[in-house]
Amino acid sequence: MAEAIAQAIAQRGQLMAEAGTGTGKTFAYLVPALLSGGKVIVSTGTKTLQDQLFQRDLPMVRDALKVPVTVALLKGRSNYVCHYHLERAAAQDSFASRADVRYLTRIESFARTSATGDKSEVADVPENAGIWSQVTSTRDNCLGSECPHYGDCFVINARKQAMAADIVVVNHHLFFADVMLKDEGLAELLPACNTVILDEAHQLPDTATLFFGEQLTAGQLGELARDAEVESLKAARDYTPLPNAAQGMAQALRKLRLAIGDEPGKWPRVEALRRPGLEDALGSLAAALDVLSAELGSQAERSNELAQCAHRAIDAAARLARWRDRDDPEWIRWLDVSASGWQLHASPLSIAQIFSRHVTDTARAWIFTSATLAVGSDFTLYQRELGLIDARTGYWESPFDYANQALLYLPRELPEPNRFEHTEAVVVAALPVLKASGGRAFLLFTTLRALNQAREAITAAFAREGLDFPLLVQGEGSRSELLARFRILGNAVLLGSQSFWEGVDVPGEALSVVVIDKLPFAPPDDPLLAARLDHIARQGGNPFLDYQLPQAAISLKQGAGRLIRSETDRGVLMICDRRLADKPYGRRIWQALPRMRRTRELAEVIEFLAPAAVAT
């Protein structure tokens, strides 16, 4: 794998490399990257992986090779304390909680002594604490070179280090933010480089779709109205039309929220606009935005903050107008309603043309790597999604002995996966397996509804059977907290949904069983998916075979990958979906998984897990 990557770097080509768990893919790309002598950007899927690369893997490889390369870590601006916003937060006299007051004091102390300003270094302030949004900046509210603290800015300092370094470690969100900023003609965040390495590259189609599209959210507009009112009272106290316009905007947002309602879900624009009063509420919001833009524009010279708010209002008005009025068969627009508010989305049906242009227009090497890019060894879907049909591919299987280390179990007599009683049946089927393994299990669900239903069923079953395995449930703490507890407890059962399907590493005896409730087909009511499937059909393709099936196979491989994480791990992968055996396509899906022994007999599972039960 390292040789193939070295060749791609030398030829400035494109390589898609799938490497199974345990291959050592991080070393396989770091060694040729550090030896190449050029400037390299390494992008990862999460900030956790980013920190691991920067703090552990890169120093280890650099020391082993004895090469004098410089390395920098660069995150998005929301990860760095902002001196200006910290100062503003400290000056206010109202906070959401007493904890925020305590956290603010800690952050102020950190900002005075830190060399980086990276909030991940403030261990005693939770990552999800509300105070962080008040002491960090966003692209919307950053004052840039007009900021009085520009010379001491942690973000600017991090970018300067990245410009000067040989190897820069970023994450996918920052990478695509840079791509989009360059598209808009603004200064690039990331330095020009010879090689781009995209780890956890299976996430790229979704991340690129987000960044190549547009969003307008209740949160953005609410923050704009608040900022405009606050700044008007500071810099234009004598001009009452401005705070009145901000309040008018807040009223329009409340009217729109009432028209949208509280029912969570996603609706295509045409369907959404049929809701009573929604068209009228959007019109009121557009009018309120126009008034606010005009009033902010008239006072923009009085402060940098007012000028910035004016720019934000103009941008928001343009996005709203495009969402309401523009018809483009190559784009899909929809309304997304959740507990946290509403969002108006617009996304291209395909990112292939946009993304491939960014790749082929630069004389760089592009390396895409992950444990899950292909179905079997077929990269067709991934190549099509990114528009890189001619990219070279490489497939390296895991070195683990799956035939002896793992068992694939498909229980008999399961109801159809779309039946209400299916989740209850999953719990019933899993119970004897959990007894045999002594807990030590992940139960992964394709929906939050199924997860919550399973939680009730398994709590009742544990009480009925007298089982005292600790039960950990997604949502009852952060993912990192739950995983830490899972590892320490040693016999826990963890219920998780989407966020636990990938990027979770629990080697050793703490995890001996992974139960997956259904084949992870994307929900057909997702407007973007429905539009993509319709687009494939119009072009003469088969939406199910060309898109849905390979997507499900790759997602299943991600979930299954949680089981065997080292050469000594043993475990059972239990998939509770009868379609794996009943449907003609089931064979294609299980053949995409690592080559483990298969069974439908509970007795074989119990026998296989006997060593784990004895160890308990």
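## Cysteines

Cys576 has a relative accessibility of 0%, so this residue counts as buried. The value comes from a predicted model, as does everything below.

Cys142 is a contrast. Its relative accessibility is 26%, so Cys142 counts as partly exposed. The cut-offs explain the label: buried means under 20%, and exposed means over 50%.

A disulfide is a covalent link between the sulfur atoms of two cysteines. The whole structure was searched, and zero disulfides were found. Cys142 is in none; the nearest cysteine sulfur belongs to Cys153 and lies 6.3 Å away. A disulfide requires two cysteine sulfur atoms within 2.5 Å.

## The parallel sheet

Strands in a sheet pair through backbone hydrogen bonds, in a parallel or an antiparallel sense.

E3 pairs with strand E4 (residues 167-171) in the parallel sense, over three bridges. Val71 stands opposite Ile167 in E4.

## A cavity

How many cavities of 30 Å³ or more are there? The count is one. The largest cavity has a volume of about 50 Å³.

Its lining consists of Glu214, Gln215, Leu216, Arg319, Arg322, Trp323, Arg333, Leu344, His345 and Ala346. Three elements each supply at least two lining residues: strand E6 (214-217), helix H14 (304-325) and strand E9 (341-348). By type, the lining divides into four nonpolar, two polar and four charged residues.

Most residues other than glycine have a negative phi. Two glutamates are worth a look here. Glu200 has a positive phi of about 50 degrees. Glu413 also has a positive phi, near 60 degrees.

Where do they sit? Glu200 is in the loop between strand E5 (195-198) and helix H9 (204-212). Glu413 is in the loop between strand E12 (406-409) and helix H18 (422-437).

Their surroundings can be set side by side. Glu200 has 14% relative accessibility, so Glu200 counts as buried. Glu413 has 76%, so Glu413 counts as exposed.

Technical notes: Residues are numbered from 1 along each chain as its sequence is written. This is a predicted model: local features need pLDDT of at least 70, side-chain atom pairs count only at pLDDT 80 or more; totals for chains, interfaces and linings use all residues. Side-chain values use heavy atoms; hydrogens and water are left out. Two strands pair if DSSP finds at least two bridges between them. Helices (H or I, at least four residues) and strands (E, at least two) are DSSP runs, numbered from the N terminus. Buried means under 20% relative accessible area, exposed over 50%, partly exposed in between (1.4 Å probe, protein chains only). On a 1 Å grid over the protein atoms alone, a cavity is a set of points where a 1.4 Å probe fits but cannot get out, and a pocket is an open set with protein on both sides within 12 Å along at least five of seven lines; lining residues have an atom within 4 Å of a point. Grid points are joined across faces, edges and corners, and a volume is the space filled by probe spheres set on the points. Ala, Val, Leu, Ile, Met, Phe, Trp, Tyr, Cys and Pro count as nonpolar, Asp, Glu, Lys and Arg as charged, and the others, Gly among them, as polar.
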